Amino acid sequence: MKNHKNLFLAQRLISGDPKAYDLLMDSYYQNLCAYVQSLCHDHSMAEDIVQNVFVKVWVKRKKINPDLSIKSYLYKSVYNEFINQYRKNKPVIYLEKKYFEAIDLVVDIEPEELESLIKLMNIEIENLPSKCKEIFLMNKKEGLTHTEISEYLNISVKTVEGHITRAFKILTEKLGTKMEAVLFLLFNFNKQNRQTSLR
């Protein structure tokens with residue numbers, strides 16, 4: 001039944017039916033904004049990205065494949081738009097290239113799976129040993145360097161590195177090769193914004 005509705009909506013959209021476009025907006029706009037906001041942590045940017053995608057969908061509606069899921073098409077489109085905006089607005093440094101290599105691996109994952117991976121990451125971070133979690137979040141979420149953490153907590157840099165390595169090991173065991181990509185989605189915007197403000 002869903003496939004039939006999907007096909008009918010796609011065909012109406014391809015033919016230029018504005019009501020089909022309005023229905024698409026009503027059905028997915030808010031959820032897409034929430035999804036993008038979970039990636040960029042910026043409500044205004046999320047809305048801009050989703051609006052850009054809907055404009056492109058209308059302009060390029062004749063190229064839509066009616067046999068493909070419109071929902072997946074929209075989610076992948078806003079995800080790709082998010083990546084494009086990020087690359088455009090931020091200087092790509094060496095470590096960031098590593099993140100992009102990782103994140104490109106999950107572009108084709110269904111949105112629901114990506115959301116579940118992000119939730120799983122949050123759960124597993126919460127389950128880390130307390131000191132390990134504290135140091136890991138100071139590094140990944142707050143963007144503090146190993147030296148800054150060692151000075152703040154009055155412990156050696158080697159101890160900081162040990163806790164972070166342990167956290168990576170535990171999270172990799174739980175999430176596998178997608179771990180770095182999910183970490184990027186959760187924390188890299190905060191880290192990049194801090195680094196930019198310090199320049």
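Lys131 and Glu134 sit three residues apart in helix α7 (residues 130–140), which means that about one helical turn separates them. Helices here are DSSP runs of H or I with at least four residues, while strands are E runs of at least two, and numbering goes from the N terminus. The side chains of Lys131 and Glu134 meet in a salt bridge, at 3.1 Å from N to O. The term salt bridge stands for a side-chain nitrogen of Lys or Arg within 4 Å of a carboxyl oxygen of Asp or Glu.

A word on the model: it is predicted, so to speak of local features takes a pLDDT of at least 70, side-chain atom pairs count only at pLDDT 80 or more, and totals for chains, interfaces and linings use all residues. Residues are numbered from 1 along each chain as its sequence is written, and side-chain values use heavy atoms, with hydrogens and water left out.

In total, five salt bridges turn up in the structure. (Buried is under 20% relative accessible area, exposed is over 50%, and partly exposed lies in between, using a 1.4 Å probe and protein chains only.)

Another of the bridges pairs Glu173 with Lys169, with the closest N and O atoms 2.9 Å apart. These two are four residues apart in helix α9 (residues 157–175), so about one helical turn lies between them. Both Glu173 and Lys169 are exposed.

Asp17 and Arg12 also form a salt bridge, their closest N and O atoms lying 3.1 Å apart. Asp17 is partly exposed, at 21% relative accessible area, and Arg12 is partly exposed at 22%.
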